[in-house]
Amino acid sequence: MSTSPITNETSLKNKPGLRWALIGAWGAVVVYTAMVLGTVLSPQFASFQNSNMAQIILGLPTLFQFIVDYGVDLLLMFGFSVIGGMLIVHRSDDWFAIFTSLFLITFGVRVTNLANTIALIPGYETSGGLILAMGDIGMVLFSMLFPDGKFVPRWLKLTAPLLIITMLGIYIFPNSPFFWNTMGKSNYLLVTTTWYMIGILTSVYRYIRHATLAQKQQIRWAFIGTMGPFSWFLIFQVLLGFIPTMDATTILATSIQIVARLASIFLFLMLPLFITISIARTKLFDIDLIINRSLVYGILTIGLGLTFALVLGLISVIFRNINQGDQSFMIATVFAVSAGALFQPARKNFNVLWTVSFITFKLTIKKLPPRFARNLRPLSQAQRLHPIMA
């Protein structure tokens, strides 16, 4: 018997034609996304990137800037794509699992600097903008539909076409006055923030008024993950949008960019991480999604390395602008050596934190008295139908 009634409603096992059509659409979007990312190989992208990088380097080595920038983007795309790929492999017979997989992959690309840069290159605005649109549409729809694939309340489905039209309208028509890069930052933030808030408030409404006990467990984890990207958006887009325009070559502007990149590693990756926890602990989509320890350990290690690199870059910018000459170089060297010495202990602590938090979860359940362990396990179908039995 299925452990989750959700999969009975979103299952495609009896609809093979629709299933393969959705899998084909999933593959087409993924291939298209990969082709758009291939723009980085074009000479036009290189010249566009170099012209913009020259404004924000402030003494940082160009190679260092490129390595960190691409490193963060690749880490974000990899973290999102791993979870999305595992979902499509395990539950390609469930339309909501297919949608969640596609949403994670496209949103993981959408939040990168690389995708935003491509969407600004002359001649690539439409193709790159479509990636941004799909990411934003997927994020809002996921918040509205999670975890059972239904709109709550039902009339909310009428807003879905408006959402799609709005996002496509501001991203894929570069010559229009409402194009995202020409409509004005305040107007752009107003449009995107409004839709994100609608998605979040819909999730809250579902949790309070309609969700079962099992669904509340799933929504809680997913909601925490959603707050990561949304918090980054509020802090580094909305709030900083009220600060008067700064010269891109100032130390403050560069420092904010470095801090934003540093925060994006942790805040953006909260989304796939907590969706994974929701799936694993509540058996969403009828699967036990097991994340390989070495995989997570590798992601944490790379993220930690990029974090140290970004902090070192920020310190270098500060000291190069405060103290000119050999003294600044010597101080930057001291910080680099210190960062190298602290990297290994920090890496080990992250590994311990991962082990304690996730690997020992099942062992903890076994050691608890039955009345407590029962509350941590996913609810059975009978308990969901008759909560008093729990």
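Trainee: Why is Asp148 called buried?

Mentor: The relative accessible area of Asp148 is 10%, and buried stands for anything under 20%, with exposed over 50% and partly exposed in between (1.4 Å probe, protein chains only), so Asp148 counts as buried. This is a predicted model, in which local features need pLDDT of at least 70 and side-chain atom pairs count only at pLDDT 80 or more, whereas totals for chains, interfaces and linings use all residues. Residues are numbered from 1 along each chain as its sequence is written, and side-chain values use heavy atoms, with hydrogens and water left out.

Trainee: Where does Asp148 sit, and what makes its link to Arg206 a salt bridge?

Mentor: The closest N and O atoms of Arg206 and Asp148 are 2.8 Å apart, and a salt bridge requires a side-chain nitrogen of Lys or Arg within 4 Å of a carboxyl oxygen of Asp or Glu, so the pair qualifies. Arg206 belongs to helix α9 (residues 185-209) and Asp148 to the loop between α7 and α8, which places the two partners 58 residues apart. Arg206 is itself buried, since its relative accessibility is 1%. The two side chains also make a polar contact at 2.8 Å, a term for N or O atoms within 3.5 Å, where within protein one must be able to donate a hydrogen and the other to accept it, and residues adjacent in sequence count only if both atoms are side-chain atoms.

Trainee: What makes the rings of Trp95 and Phe96 an edge-to-face pair?

Mentor: Trp95 and Phe96 are one of them, at 5.6 Å centre to centre and with 70° between the planes. Rings of Phe, Tyr and Trp (its six-membered ring) pair if their centres lie within 6.5 Å, and planes under 30 degrees apart count as stacked, over 60 as edge-to-face and the rest as tilted, so 5.6 Å and 70° give an edge-to-face pair. Trp95 is partly exposed at 27%, while Phe96 is buried at 0%.

Trainee: Why is the pair of Phe103 and Phe107 called tilted?

Mentor: The ring centres of Phe103 and Phe107 are 5.9 Å apart and the planes stand at 40°, so the pair is tilted. Both residues are in helix α5, 4 residues apart, which means about one helical turn separates them, and both are buried. They belong to one aromatic cluster that also takes in Phe80, Trp95, Phe96, Phe99, Phe142 and Phe146.

Trainee: What makes Lys216 count as lying over the face of Tyr207?

Mentor: Lys216 is 5.4 Å from the ring centre of Tyr207 and lies over its face, where the rule asks for NZ of Lys or CZ of Arg within 6 Å of the ring centre and within 35 degrees of the ring normal. Arg19 lies over the face of Trp20 too, at 5.5 Å from the ring centre.

Trainee: How many helices and strands are there, and how much of the protein is buried?

Mentor: There are 16 helices and 0 strands, taken as DSSP runs numbered from the N terminus, with helices (H or I) of at least four residues and strands (E) of at least two. Of the 390 residues, 47% count as buried.
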